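Morning, everyone. Today I'll talk about salt bridges. Here is the model.

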Amino acid sequence: MIAVRKADERGHFNHGWLNTYHTFSFADYYDPKFMGFRHLRVINEDRVVPGEGFGTHPHRDMEIISYVLEGGLAHRDSMGNGSTIKPGEVQRMTAGTGITHSEFNHSEDELVHFLQIWITPNARGLTPGYEQKFYPEAEKLGKLRLVASPDGKDGSVAINQDVQLYATLLNQGDTVEYKLKPERYSWVQVVRGEVELNGRTLQAGDGAALSQEEVITLSGKSDARAEVLLFDLA
């Protein structure tokens, strides 16, 4: 079974400095039908104008993944970490017992476009933690690259939940397949471009919840390269 969440049905707010779309209920956007999917709680697609950002704010008991598409996202946190996340990089932050952090676009002329993903952890009160890794295009082009997993296998960032996150880049005609084990679920998020998912056409910003599907087939459908995230969920 596949349930599609269209891009234009998401929660949307344009604050001037921040143009944001919420796949699931978040902050001032509430829809009881979209409170998350399995352990996946938040997928926010954010665009932040030059010189603006999110001031220091707290989090706790959440696994937070940042996935940058354009520009550079400057990160600072109470654990002493400071870096700029760029396209191709994945950042994982375990909020655990509590952290504060800020995220800014320090560019003078370039927008920063990124996804912020929240996953509920397998326990409360975990020790806060941080990871940031780069995954070259060649590792994702026409193939599924594991970028987050419970045990950090294959060079992925390690998250405290039974979730595996894959990223792929698909040119027109490229196809990837993923076999979903029994009693597993998947969420597919199209980040850019157009793809065919098990016979359904999805555009940038569209998402889909999959259950009782043995095989997930993704194919690039347009001249512009597609980028897709695939979550394997308990």
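This is a predicted model: local features need pLDDT of at least 70, side-chain atom pairs count only at pLDDT 80 or more; totals for chains, interfaces and linings use all residues.

First, the term: a salt bridge here is a side-chain nitrogen of Lys or Arg within 4 Å of a carboxyl oxygen of Asp or Glu. By that rule, the count is 14.

Residues are numbered from 1 along each chain as its sequence is written, and side-chain values use heavy atoms, without hydrogens and water.

Now a network. Salt bridges link Arg 10, Glu 45 and Arg 47. Strands are DSSP runs of E, at least two residues, numbered from the N terminus.

Buried or exposed, this Glu 45? Buried, at 7% relative accessible area. Arg 10 is buried too, at 9%. The cut-offs: buried is under 20% relative accessible area, exposed is over 50%, partly exposed is in between, with a 1.4 Å probe and protein chains only.

Next, Asp 61. Its side chain forms a salt bridge with Arg 124 at 3.2 Å, N to O. Asp 61 lies in the loop between β5 (53-59) and β6 (63-70), and Arg 124 in the loop between β11 (112-119) and β12 (129-134), so the pair ties together parts 63 residues apart in sequence. Asp 61 also bridges to Arg 60, with the closest N and O atoms 3.7 Å apart. Asp 61 is buried at 9%. Arg 60 is exposed at 51%, and Arg 124 is exposed at 69%.

Conventions: Helices (H or I, at least four residues) and strands (E, at least two) are DSSP runs, numbered from the N terminus.
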